Amino acid sequence: MVRARGLIVLTAATLVAFACGGGGGGGGTNKGTIKIGSDLPVCTIGGQAVSNGVKFAVDQKNSAGGVEGFTIAYQSFDDCRQGAYNADAGVANVRQMLDDSKYLGMIGPYNSAVAKAEIPIAAPKNFVMVSPANTNPCLTKDIAGCAYHPQDLRSGNPNNYWRVVTTDDYQGPAMADYMYKQLGIKNVGILDDSTVFGVGIAGSFEAEFKKLGGTVAKHSEYKKEQTSDFKAILSGFKNAGAQGVYVGGTDDQNICIPRKQMKDIPFAGGDGIETTDCINQASGNEVNIYATSAGADATQVPGAAQSIADFRKAFPGPNDFGGYTMQAYDATNALLLAMGNAIKSNSGNMPTRKQVRDAFAQIKGFKGVIGTYDFDQNGDTSLKIVSIYVVQQATDPSKTSGVCGKAAKNACFVWKTQFDFAQAS
């Protein structure tokens, strides 16, 4: 995502360090410690749930003897400022990792705007970044409509950035298809929050909706710091005949507050609204919020069942598991695989960051719990699945996506269907 899934501020410290125990392999010889970090909005429920997925993978690896004789130490960095993700905080976190030679890679970031700021810092150092949640296509694809180019972010350096989720040029069209064909909406109002993510996903939705034959009543945008009342925008949609509203943005930009002022028409968006905080913002009118997620729902993947069960034993809290927890688990294991291969190619010794980067670039057919991943030369995954969710009153919240309201605890996002664009092509 881009998004900040479950954006509720936690009381945990802004820097969470995990000393992940476990002996090293290699015939009982511990060769030392390799560090990996993550850059996530861990001040939020969603960010912390992703960090939990990273820690779970590292703990499992260390319990099995580490990586080629090395113990893995994991540290989670928080890129929140004032309760929301912040690109400057993310850059500061990456610089802190780069200053310590034992850091050989990182998981994250969570938000596309943060990735846009971090890649130019990390790429010259061959520092591997693996995101479990970034969805803006411009980070990897040189396509029309992008305000920047992926090659400019990397400044001629080899690609150092990969992601295990698909992109907004699939998320937007998936919801356009669902609203037009399944919900029968032919006229829609579009609202975006003026962010990199919001503008991009709203644009991809609009293009596909029009292609299907739909009408866009009006496309409006706002900025959080300048907007407290959405009544005028919503009135404009209604007066133009909108049968539904699509929003491009994230809950930390108050994108779901308009839902509280709406009744009787569908409200939909991307993974930036498939969050606990979105449900809370729409309190009293939260049912029938539709959202996409840029990957398969792990709870719908039979092969993920045991890993999810093991995770829930290790992390039993009601908010410990989130929509991208298993993607974070897969991203971490892919990074650890690259590290292991780099160690082997370096005669069993501590590899350089470049050796880890080169090893990650060679990964083919990586088997994760979500599926089997290949990555193209730009860093995008071969898995192009988009899931569709809707908020319903759930009789058993444990059987939902795990994303539920705080006040209305039984109001949860429930999986409806998925689009597999890789199979469609």
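Visitor: Where is G47 found, and what makes it count as buried?

Guide: G47 is found in helix 1, residues 45-63. Keep in mind that this is a predicted model. Buried means under 20% relative accessible area. G47 has a relative accessible area of 0%, so it counts as buried.

Visitor: How far apart are G47 and G184?

Guide: In sequence they are 137 residues apart, and in space, C-alpha to C-alpha, G47 and G184 are 34 Å apart.

Visitor: Which residues does T332 touch, if we skip residues up to four places away in sequence?

Guide: T332 touches I36, V54, A57, V58 and I107. What makes these contacts is that heavy atoms lie within 4.5 Å. Look at I36 in particular: T332 and I36 are 296 residues apart in sequence, yet 9.1 Å apart in space, C-alpha to C-alpha.

Visitor: Helix 11 again! How do the axes of helix 11 and helix 12 cross?

Guide: Helix 11 covers residues 325-345 and helix 12 covers residues 353-361; their axes come within 8 Å and cross at roughly 115°. Those are the things to ask for, because two packed helices are described by the angle between their axes and the distance between the axes. The crossing of helix 11 and helix 12 is right-handed.

Visitor: Which residues make that contact?

Guide: From helix 11 you have A334, L335, A338, M339, N341 and A342, and from helix 12 there are Q355, V356, A359 and F360.

Visitor: What kinds of residues are in the contact of helix 11 with helix 12: nonpolar, polar or charged?

Guide: They divide into 8 nonpolar, 2 polar and no charged. Ala, Val, Leu, Met and Phe are among those that count as nonpolar.

Visitor: R357 is in helix 12 too. What makes R357 buried or exposed?

Guide: Set the value against the cut-off. Buried needs under 20%, and R357 has a relative accessible area of 12%, so R357 is buried. Leaving aside neighbours within four places in sequence, R357 is in contact with N126, V128, P158, N159, N160 and W162.

Visitor: And Q253? Where is its place, and how do you know whether Q253 is buried or exposed?

Guide: Q253 sits in the loop between strand 11 (244-248) and helix 8 (257-260). Its relative accessibility is 16%, which is under 20%, so Q253 counts as buried. Beyond neighbours within four places in sequence, Q253 is in contact with D193, T195, Y222 and K224.

Visitor: Why is S194 called partly exposed?

Guide: Partly exposed is what falls between the buried cut-off, under 20%, and the exposed one, over 50%. S194 has 28% relative accessibility, so S194 counts as partly exposed. You'll find S194 in the loop between strand 9 (187-192) and helix 6 (196-211). Phi of S194 is near 70°, a positive value in a residue other than glycine.

Visitor: What about N288, and why is N288 called partly exposed?

Guide: The relative accessible area of N288 is 36%, which lies between the 20% and 50% cut-offs, so N288 is partly exposed. N288 has its place in the loop between helix 9 (276-281) and strand 13 (289-293). Phi of N288 is near 70°, a positive value in a residue other than glycine.

Visitor: Which peptide bond is cis, with omega near 0°?

Guide: The one from G108 to P109 is cis. P109 is found in the loop between strand 6 (103-107) and helix 3 (112-122).

Visitor: Let's zoom out. How many helices and strands are there in the protein?

Guide: The protein has 13 helices and 17 strands.

Visitor: How much of the protein is buried?

Guide: Buried residues make up 59% of the 425 residues.

Definitions and conventions
Residues numbered from 1 in each chain as written. Predicted model: local features only at pLDDT ≥ 70, side-chain atom pairs only at ≥ 80, totals over all residues. Heavy atoms only, no water. Axes fitted to C-alpha atoms, helices over the stretch in contact; angles between N-to-C directions. Helix = DSSP H or I, 4+ residues; strand = E, 2+ residues; numbered from the N terminus. Left-handed = near helix turned anticlockwise from the far one by under 90°. Buried < 20%, exposed > 50% of the residue type's maximum accessible area, 1.4 Å probe, protein only.
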